[in-house]
Amino acid sequence: QVQLVESGGGLVQAGGSLRLSCAASGTILSINVMGWYRQAPGKQREQVAAITSGGRTNYADSVKGRFTISRDNAKNTVYLQMNSLKPEDTAVYYCNADVAQTYYSAFYTYWGQGTQVTVSS
């Protein structure tokens, strides 16, 4: 089994910064894409950013230039540095990872439990 544990959420004023972390643990052979999603009250979950094992990244238009995704492959950990936060960034943030547990298994997407980010105006 694989577990993803997020940390780093909290309450911050508009214009402030937060850094989210998500560590994957368990039986892990390889991790392909790792990413961050968010879900605000009454809205659908949306992708915020993603990063491949080789370091290629992509971002939602709404966060380009403000958020930076990175990962430490040795630690099976993905980070999301969030700067210039806005009230509309308020949401529960979830990480996910595409994990292969053995040489014979396909990649499967695992999710974290979510961490609340609240940006006050």
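Asp89 and Arg66 join their side chains in a salt bridge, 2.7 Å from N to O. By salt bridge I mean a side-chain nitrogen of Lys or Arg within 4 Å of a carboxyl oxygen of Asp or Glu. This pair links distant parts of the chain, 23 residues apart. Asp89 sits in the loop between β8 (77–82) and β9 (91–100). Arg66 sits in the loop between β6 (57–59) and β7 (67–72). Strands here are DSSP runs (E, at least two residues), numbered from the N terminus.

A word on the source. This is a predicted model, where local features need pLDDT of at least 70, side-chain atom pairs count only at pLDDT 80 or more, and totals for chains, interfaces and linings use all residues. Residues are numbered from 1 along each chain as its sequence is written, and side-chain values use heavy atoms, with hydrogens and water left out.

Buried or exposed? Asp89 is buried, because its relative accessibility is 1%. Arg66 is buried too, at 11%. The cut-offs: buried is under 20% relative accessible area, exposed over 50%, partly exposed in between (1.4 Å probe, protein chains only).

Next, Arg38 and Glu46. Their side chains form a salt bridge at 2.7 Å, N to O. Arg38 counts as buried, at 6%. Glu46 is partly exposed, at 36%. Arg38, Glu46, Arg66 and Asp89 are linked in a network of salt bridges.

How many salt bridges are in the whole structure? The search finds four. Among them is Lys64 with Asp61, at 3.1 Å, N to O. Asp61 is exposed, with a relative accessible area of 66%.

How values were computed. Helices (H or I, at least four residues) and strands (E, at least two) are DSSP runs, numbered from the N terminus.
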